[in-house]
Amino acid sequence: MIDQELPVQHDMSRPVWRGSSTILRRVEPRDWETVMALESSSSYQRAWERVTAPRSPEQCREWLRQEAAKDPLDDNFLLAITDRETGVMVGCVNTTQADPVAGRFHLGMAVAPEHQRQGYAWEAGLLVLGYMFGERRYQKAQAYVHDFNEVSQAGMLAFGAQLEGRLRRHDFFAGRYHDNLIFGLTAEEFFAAHGPAHETA
Ligand SMILES: CC(C)(COP(=O)(O)OP(=O)(O)OC[C@H]1O[C@@H](n2cnc3c(N)ncnc32)[C@H](O)[C@@H]1OP(=O)(O)O)[C@@H](O)C(=O)NCCC(=O)NCCS
């Protein structure tokens, strides 16, 4: 989907799913407790999508089973962000609405409060963006971020994304409507900002 050669030399020895402090792996049913702990926070639910009634362990395991069973070639995936040293799952990162014709996909991520501000989301985002742009030939990542989610807005700008639009009164939280901000990042912008990763396998 990218017409021209990207303006960077790619390091073929770079591990795609491993960063200096993070390994990304497919979620599994055994992750249900971590996922439900994340979802037990209303502020997390608001940031991720919206507040819902609590789900049951059974429903959570079934959802994770479906995610785990997906074909690796499916470009809509949910991965566990794990600490490279301990293997502990600290959060998750996902792609949704992957459109191979237009070459667009949506990126989302969440890190448990006790593991935040340690660079996990940053590294997970770079790995997934590197995979989608560098291996799957997508050309644009998008993220919809609620107007009150300043941390995520700062994070998207740090990835090199641009604010492309504001959907007014797009969601309803805590008794009132909120705008949704659309961030977009092209493959060229990503590689120009971050270049190839240097770590070797
Ligand atoms: C957004 C989120 C995933 C960030 O996770 P994290 O692992 O703490 O993020 P990182 O440590 O990798 O930080 C990456 C960058 O994000 C921004 N950021 C992260 N936490 C921040 C904070 N508390 N205040 C301001 N900026 C912050 C910064 O730009 C940061 O870079 P810096 O540390 O060099 O300033 C996490 O806060 C979260 O799970 N929030 C709830 C769910 C959510 O909002 N998901 C995104 C929906 S669009």
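**A walk from the ligand shell to the sheet**

Let's start at the ligand: by class, the shell around it has 14 nonpolar, 7 polar and 1 charged residues. Here Ala, Val, Leu, Ile, Met, Phe, Trp, Tyr, Cys and Pro count as nonpolar, Asp, Glu, Lys and Arg as charged, and the others, Gly among them, as polar. Bear in mind that this is a predicted model, where local features need pLDDT of at least 70 and side-chain atom pairs count only at pLDDT 80 or more, while totals for chains, interfaces and linings use all residues. Residue numbers start from 1 along each chain as its sequence is written.

Who comes nearest to the ligand? Of the 22 residues around it, Ala47, Gln116, Ala121, Trp122 and Gly155 do, with a residue counted as near a molecule or strand when its C-beta atom, placed from the backbone, lies within 6 Å of it. Two or more shell residues come from each of helix H2 (42-48), strand S4 (104-111), helix H4 (120-134), strand S5 (140-146) and helix H5 (150-159). H5 gives the most, with 5 residues. These element names follow DSSP runs numbered from the N terminus: helices are H or I with at least four residues, strands are E with at least two.

Now step back to the whole chain. There are 6 helices and 7 strands, and from the N terminus on they run β-α-α-α-β-β-β-α-β-α-β-β-α. The C-alpha trace spans about 45 × 40 × 30 Å along its principal axes. With 201 residues, a compact globule would have a radius of gyration near 17 Å, and the chain agrees, at 17 Å; that radius is taken over C-alpha atoms, and the globule rule is 2.2 Å times the number of residues to the power 0.38. Among contacts with a separation of 6 or more, 65% link residues 24 or more positions apart, a contact being two residues whose C-beta atoms, placed from the backbone, lie within 7 Å.

The 7 strands form an open sheet with mixed pairing, in the order S1-S2-S3-S4-S5-S7-S6; two strands pair if DSSP finds at least two bridges between them. At the edges sit strand S1 (22-26) and strand S6 (162-173), each pairing on one side only. From one strand to the next the twist averages 30°, based on axes that are lines fitted to C-alpha atoms (for helices, over the stretch in contact), with angles running from 0 to 180 degrees between N-to-C directions.

On one side, 3 bridges join S4 to S5 in parallel, and arginine 104 has lysine 140 of S5 as its bridge partner. S5 also pairs with strand S7 (residues 176-186), this time in the antiparallel sense over 7 bridges. There, glutamine 142 stands opposite glycine 184, and alanine 143 has phenylalanine 183 as its bridge partner. Is S5 covered or open? Mostly covered, with 6 of its 7 residues buried. A residue is buried if 20 or more other C-beta atoms lie within 10 Å of its own, exposed if 12 or fewer, and partly exposed in between, with C-beta atoms placed from the backbone. Over the chain, buried residues make up 29% of the 201.

Carry on to S6 and S7, which pair in the antiparallel sense over 8 bridges. Phenylalanine 183 turns up again, here opposite leucine 163. The hairpin of these two strands has 2 residues between them, and alanine 174 takes a positive phi near 45° in it.

Most residues other than glycine have a negative phi. Arginine 169, in strand S6, has a positive phi near 45° and is exposed, because it has 10 other C-beta atoms within 10 Å. Arginine 137, in the loop between H4 and S5, has a positive phi near 60°. With 12 other C-beta atoms within 10 Å, arginine 137 is exposed too. The C-alpha atom of arginine 137 is separated by 8.9 Å from that of alanine 187, 50 residues apart along the chain.
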